[in-house]
Amino acid sequence: MSNGVSVIGTMQNVLHIGFTISDAICEGIDNSLDAQAREIRIKFNPDTRMYVHVDDGDGILPEELPHAYCMNNRKQNNTQTHGKFGIGANALGIILSELEGGMTVVTKDSSAVHNCDMHMNFEQTISSGIFNRTVNVVDLDGTDNRSTNGNRLWNEFTNVTDNNTGTILQIKCSQRVANDIGDMIDTR
């Protein structure tokens, strides 16, 4: 439960509220624009079904990252332009994965020395009812708890982030969504 509302129910409902694949991708772009991104790149690999969304926006502080990706956030308005219904940041991952996988977020705020990362396993959330969002950081003593995948993504896209600020989302698409994205690319 989150704020007295079922996280599992909310996640499953996101799949049925009318968001199309294009809507979800546009939601990701809108979030990047809200973060003052000047450059946004989207990469899709049909063989691995991996979708990657990269921006050079403001990034997110490690302590704010779980809140930015919480479910059922009912705050009406705040300075972070967090959506009214509390699903926007998660919509991209939920719609593209169809809850068959997860989403990795790698981000860095301008005040941070290192990027941080967080992985959300939607399948695990559905089976356990717990929406775990553990942020991996470099501790004050220098211990690096960041994931290998998060560091690889950050290093791969420093041409966008300039190793300064930004956010990277990596989502393994369901087979159906991967086919649909492939068809969208082929027809355009």
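Leaving aside neighbours within four places in sequence, which residues is Leu96 in contact with?

1. Leu96 touches Ile21, Tyr51, Ile171, Lys172, Cys173, Ser174, Val177 and Ile181, where contact means heavy atoms within 4.5 Å. A word on the basis: this is a predicted model, with local features needing pLDDT of at least 70 and side-chain atom pairs counting only at pLDDT 80 or more, while totals for chains, interfaces and linings use all residues. Residues are numbered from 1 along each chain as its sequence is written, and side-chain values use heavy atoms, leaving out hydrogens and water.

2. Leu96 also belongs, with Tyr51 and Tyr69, to the residues with the most contacts inside the largest nonpolar core, which has 33 residues. Such a core is a set of buried Ala, Val, Leu, Ile, Met, Phe, Trp, Tyr and Cys residues joined through side-chain atoms within 4.5 Å; buried means under 20% relative accessible area, exposed over 50% and partly exposed in between (1.4 Å probe, protein chains only).

3. Among the elements giving two or more residues to this core are helix H1 (7–14), helix H4 (88–97), strand E6 (166–172) and helix H8 (175–187). H4 supplies the largest share, five residues. Helices (H or I, at least four residues) and strands (E, at least two) are DSSP runs, numbered from the N terminus.

4. There is a second, separate core of eight residues, including Val52, Val54, Val106 and Trp154.

5. Do have a look at Asp109, in the loop between E3 and E4. Asp109 is buried, at 15% relative accessible area.
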